Amino acid sequence: MKHLNLKNTAAKGFSLVEMLVVIAVIGVIAAIAIPSIGNINSSAKTATNQRNAQSIVSMYQAGAAAGIVWGGADRNAQVAAVITGASPSDGAFQGKTFKVPNMADTDKVGAYPYIGVDASGDLFYDKAGAQASS
């Protein structure tokens with residue numbers, strides 16, 4: 001009787017079926033992950049715009065509390081004034097410039113839907129982004 005040596009008959013490497021299963025699993029994972037990665041970029045842009053709007057409105061309110069009358073008849077002009085900066089003419093903060101630090105003009109563009117103007121003409125932050133673009 002002949003004894004089979006299992007060591008010699010054992011297959012080495014992967015079969016074609018095993019390789020196809022691995023490729024199919026990778027394909028399914030990629031099909032799930034790729035749309036999610038695209039959503040991450042838009043979520044990051046929305047978060048950046050909201051943060052910029054918060055910074056603009058916060059500096060607007062701080063400057064107004066210090067006695068600055070922000071120029072501009074509309075929201076866009078007021079936002080531009082806050083980004084440029086202004087100083088109160090008198091009071092404890094005389095000579096102190098109130099402006100949003102490290103913000104370029106391009107950073108304010110996406111922030112507009114999150115900035116509104118109330119009945120008294122003051123800027124306010126709207127998390128929902130429901131303010132009309134102008």
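**Close-up views of a predicted model**

**View 1. Secondary-structure elements of the protein chain.** The protein chain contains four helices and two strands, and the model shown is a predicted one. Read from the N terminus on, the elements follow the order α-α-α-α-β-β. The protein chain has a radius of gyration of 30 Å, well over the 14 Å that the globule rule gives for 134 residues, so the chain is more spread out than a compact globule.

**View 2. The largest nonpolar core.** This core has 19 residues, and among these Ile56, Val79, Val82, Ile115 and Leu123 touch the most other members. Helix 2, covering residues 16–66, and helix 3, covering 75–84, each supply at least two residues of the core, and helix 2 gives the most, with six residues.

**View 3. The surroundings of Val79.** When neighbours within four places in sequence are left aside, Val79 is in contact with Ile56, Lys108, Tyr112, Ile115 and Leu123. Of these partners, Ile56, Ile115 and Leu123 are, like Val79 itself, among the residues that touch the most other members of the largest nonpolar core.

View 4. Buried residues make up 22% of the 134 residues, and among contacts with a separation of 6 or more, 49% join residues 24 or more positions apart. The accessible surface comes to about 9300 Å², with 61% of it belonging to carbon and sulfur atoms. The chain carries 10 positive and 8 negative charges, whose mean positions lie 23 Å apart.

Terms used: Residues numbered from 1 in each chain as written. Predicted model: local features only at pLDDT ≥ 70, side-chain atom pairs only at ≥ 80, totals over all residues. Heavy atoms only, no water. Core = buried A, V, L, I, M, F, W, Y, C linked by side-chain atoms within 4.5 Å. Buried < 20%, exposed > 50% of the residue type's maximum accessible area, 1.4 Å probe, protein only. Contact = heavy atoms within 4.5 Å. Rg over C-alpha atoms; globule rule 2.2 N^0.38 Å. Areas by Shrake-Rupley, 256 points an atom, 1.4 Å probe, with all protein chains shown as cover. Lys, Arg positive; Asp, Glu negative; His and termini not counted. Charge placed at Lys NZ, Arg CZ, Asp CG, Glu CD.
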